[in-house]
Amino acid sequence: MSGILEGITEIDIYLLVIMAVLIFILATSIYNTIKIRMLTRKYNRFISSFGGTNIEKSLENYAHRVEEVDKQVLELENHCNQIDRTLIKCIQRVGVVRYNAFEDVGSDLSFAIALLDSNDDGIVLNGIYSRDSSSTYAKPISKGKSKYTLSVEELQALDMARKRTVKE
């Protein structure tokens with residue numbers, strides 16, 4: 001074995017090192033060529049998905065569409081806020097009590113109805129039925145109270161309406 005090592009000169013060692021480096025460079029080059037081909041295929045598939053149109057124009061179109069959608073969302077948000085502000089003032093809670101105002105009348109033909117918004121503002125309607133006549137009265141309600149004296153039935157209808165909540 002010592003005879004083999006004696007026959008190798010310094011130039012032979014340099015040549016072996018150069019050959020090893022060249023083999024490494026060749027392997028790296030082959031690996032890079034394969035990777036480039038794979039990336040080229042992916043790129044071509046990506047480009048063909050745009051149907052042959054210019055990517056820059058397609059991206060500009062998408063950006064424009066996104067801006068339009070943003071504007072529409074803002075308009076819808078404003079519209080919903082306006083609806084919310086309007087709903088606060090709408091009748092949201094109702095209480096109804098039927099009663100017999102007079103003993104000589106057969107059934108519960110009289111009624112008291114409370115109609116309230118979300119701030120407990122509204123009216124109480126009271127319809128009193130008798131054999132000879134029928135009368136209807138309206139009393140304003142502010143913050144759940146009336147400046148007029150309320151009957152027992154009107155108070156019941158008001159309490160019934162105030163206890164009802166709007167489901168969100």
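Biologist: Which residues form the nonpolar patch on the surface, and how much accessible area do they have together?
Modeller: This is a predicted model, in which local features need pLDDT of at least 70 and side-chain atom pairs count only at pLDDT 80 or more, while totals for chains, interfaces and linings use all residues. Residues are numbered from 1 along each chain as its sequence is written, and side-chain values use heavy atoms, with hydrogens and water left out. A nonpolar patch joins Val, Leu, Ile, Met, Phe, Trp or Tyr side chains within 5 Å, from residues with over 30% relative accessible area and no salt bridge. Here Ile8, Ile13, Tyr14, Val17, Ile18, Val21, Leu22, Phe24 and Ile25 make up the patch, and together their accessible area (Shrake-Rupley, 1.4 Å probe) is about 880 Å².

Biologist: Is Phe24 buried or exposed?
Modeller: Phe24 sits in helix α2, which spans residues 10-48 (helices are DSSP runs of H or I with at least four residues, strands are E runs of at least two). Its relative accessible area is 59%, and the classes are buried under 20%, exposed over 50% and partly exposed in between. Phe24 is therefore exposed.

Biologist: Which residues does Ser110 touch, beyond those up to four places away in sequence?
Modeller: Ser110 belongs to strand β2, residues 110-116, and with a relative accessible area of 2% it is buried. Counting a contact as heavy atoms within 4.5 Å, and setting aside residues up to four places away, Ser110 touches Val97, Arg98, Tyr99, Ala101, Gly127, Ile128 and Tyr129.

Biologist: How many salt bridges does the structure hold?
Modeller: A salt bridge needs a side-chain nitrogen of Lys or Arg within 4 Å of a carboxyl oxygen of Asp or Glu. Arg93 and Asp120 give one example, with N to O at 2.3 Å, and this pair links strand β1 (residues 93-99) with the loop between β2 and β3 (122-129), 27 residues apart. For the whole structure the number of salt bridges is four.

Biologist: Which helix does Asp120 reach through its pairing with Arg162?
Modeller: In the salt bridge of Asp120 with Arg162, the closest N and O atoms are 3.2 Å apart. Asp120 lies in the loop between β2 and β3, so this pair ties together parts that are 42 residues apart in sequence, and Arg162 belongs to residues 152-163, helix α4.

Biologist: How far is the sulfur of Cys80 from the closest cysteine sulfur?
Modeller: A disulfide is a pair of cysteine sulfur atoms within 2.5 Å, and by that rule the count is zero. Cys80 is partly exposed, with a relative accessible area of 43%, and Cys90 is partly exposed as well, at 30%. The closest cysteine sulfur to that of Cys80 is in Cys90, too far for a bond, at a distance of 15 Å.

Conventions. Patch = residues over 30% accessible without salt bridge, like charges linked within 9 Å, V, L, I, M, F, W, Y side chains within 5 Å. Buried < 20%, exposed > 50% of the residue type's maximum accessible area, 1.4 Å probe, protein only.
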